[in-house]
Amino acid sequence: MRSFSWWFGMGVLLTLSVLMVQGGVRDLFDGAHPSAGASPYLSFTTTIFGGGLLAGCLALVMKRIR
């Protein structure tokens, strides 16, 4: 569980940094909506959370293989 939480945090930070480089934060505050009816905050949050889950799950799989 310790490695999952570490890699989850790293995945969140890396996803956030990629979104910031691509202008995602600017789009979030300027009001560019990703799709009709969806909140830009919800989309931004789920993207960041998904990046963390991806990194954490990959860490668990790699630990299991090793």
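Helices (H or I, at least four residues) and strands (E, at least two) are taken as DSSP runs, numbered from the N terminus. The structure is a predicted model, in which local features need pLDDT of at least 70 and side-chain atom pairs count only at pLDDT 80 or more, while totals for chains, interfaces and linings use all residues. Residues are numbered from 1 along each chain as its sequence is written, and side-chain values use heavy atoms, with hydrogens and water left out.

The protein chain contains three helices and zero strands, and its elements follow the order α-α-α from the N terminus. Of its 66 residues, 23% count as buried, where buried means under 20% relative accessible area, exposed over 50%, and partly exposed in between (1.4 Å probe, protein chains only).

Helix H1 spans residues 2-21 and packs against H3 at an angle of about 140 degrees, the two axes being 7 Å apart. Axes are lines fitted to C-alpha atoms, for helices over the stretch in contact, and angles run from 0 to 180 degrees between N-to-C directions. H1 and H3 are therefore oblique to each other; angles under 35 degrees count as roughly parallel, over 145 as roughly antiparallel, 65 to 115 as roughly perpendicular and the rest as oblique.

Several residue pairs that are separated in sequence were examined by C-alpha distance. Ser3, in helix H1, is partly exposed, with a relative accessible area of 21%. Ser3 and Gly56 are 53 residues apart in sequence, and their C-alpha atoms are 7.6 Å apart. Val12 is also placed in helix H1 and is partly exposed at 22% relative accessible area. The C-alpha atoms of Thr15 and Phe49 are separated by 8.6 Å, at 34 residues apart along the chain.

On helix H3, Thr45 has a relative accessibility of 49% and therefore counts as partly exposed. Thr45 and Val12 are 33 residues apart along the chain, and their C-alpha atoms are separated by 9.9 Å.

Helix H3 covers residues 40-65 and includes Val61. Val61 counts as partly exposed because its relative accessibility is 44%. Together with Met62 and Ile65, Val61 makes a nonpolar surface patch of about 320 Å². Accessible areas come from the Shrake-Rupley method with a 1.4 Å probe, and for residues only the protein chains shown count as cover.

Key:
Patches are made of residues with over 30% relative accessible area and no salt bridge: like charges are joined within 9 Å, nonpolar side chains (Val, Leu, Ile, Met, Phe, Trp, Tyr) within 5 Å. A salt bridge is a side-chain nitrogen of Lys or Arg within 4 Å of a carboxyl oxygen of Asp or Glu.
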